[in-house]
Amino acid sequence: MHGVLSSEVTVNVPAREAWDLYGTLKLMDVVIPEFFSKIDVLEGDGEIGTVLKLFFNPGALFHAFEETIVTIDEKKMIKETDASKGGYLDMGFNLYRIRYDVIPKSRHSCITRVTLEYDVEEDWIANTSYVSLVPFIGFLRVGSNYLTANNKSKASH
């Protein structure tokens, strides 16, 4: 079974400024305190092929899992990561992809969008009930708050 979920937030900063957060590992530093106990970079420096191990706070569905950055498109401002070890892959999922898009809206605002794409084996279809946008909506909100508080273009006016 294949599924897609998506949510977006409008941010009052230029798209390039938002991309400087979402297109890099800096996003992880911003969201760690609220969502993770820690994140280890196992391989790479934030480019395609970088492998991250995410350790969740107590009470989360998983203790930890690994994801790999599979797409970074600077021009279109798109970054995708795939679960690469543990987590959803241990629950019958063949694919668990997280996509971040930064979409220009005006000179001083943009839309940040997160999309989850997944594919699960038929025998494990009940596990799709664990797929949720809630933490990613939280990432978007934390990112939006961070960007608004650190708005470079506003400071230069």
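This report walks through the sheet, helices, core and aromatic rings of a predicted model.

## Ground rules

Residues are numbered from 1 along each chain as its sequence is written, and side-chain values use heavy atoms, with hydrogens and water left out. Because this is a predicted model, local features need pLDDT of at least 70 and side-chain atom pairs count only at pLDDT 80 or more, while totals for chains, interfaces and linings use all residues.

## The annotated span

An unreviewed UniProt entry places the feature "domain: Bet v I/Major latex protein" at residues 3-130. UniProt positions are given here in the numbering of this report, feature names are shortened, and annotations may be inferred rather than shown by experiment. In the model, that span is 14% helix and 53% strand, and its end C-alpha atoms lie 12 Å apart. Helices (H or I, at least four residues) and strands (E, at least two) are DSSP runs, numbered from the N terminus.

## The sheet

Let's start with the strands. There are 7 of them in an open sheet, ordered β1-β7-β6-β5-β4-β3-β2 with antiparallel pairing; two strands pair if DSSP finds at least two bridges between them. β1 (2-11) and β2 (36-43) stand at the edges with a single partner strand each, so one side of each has no neighbour in the sheet. From one strand to the next, the twist averages 25 degrees.

For a detail to look up in your viewer, take β4 (residues 64-73) and β5 (residues 78-86), which pair in the antiparallel sense over 8 bridges. Here D73 stands opposite I78 in β5.

## Helices against the sheet

Helix α1 (residues 15-22) is mostly covered, with 6 of its 8 residues buried. Buried means under 20% relative accessible area, exposed over 50%, and partly exposed in between (1.4 Å probe, protein chains only). The buried residues of α1 are A15, E17, A18, W19, L21 and Y22.

Helix α2 (residues 26-35) lies across β2, β3 (51-56) and β6 (93-106), and runs at about 145 degrees to β2. Helix α3 (residues 134-149) lies across β1, β2, β6 and β7 (109-120), at about 20 degrees to β1. Axes are lines fitted to C-alpha atoms, for helices over the stretch in contact, and angles run from 0 to 180 degrees between N-to-C directions. A149 lies in α3 and counts as exposed at 64% relative accessibility.

Rings of Phe, Tyr and Trp (its six-membered ring) pair if their centres lie within 6.5 Å; planes under 30 degrees apart count as stacked, over 60 as edge-to-face and the rest as tilted. One of the pairs joins F62 and Y88 edge-to-face, at 4.9 Å centre to centre and 80 degrees between the planes. F62 lies in the loop between β3 and β4 and Y88 in the loop between β5 and β6, so this pair ties together parts 26 residues apart in sequence. Y88 and F93 are edge-to-face too, because their planes stand at 75 degrees, with ring centres 5.1 Å apart. Both Y88 and F93 are buried, and ring pairs link them into a cluster with others including F35, F56 and F139.

Note on methods
Contact means heavy atoms within 4.5 Å.
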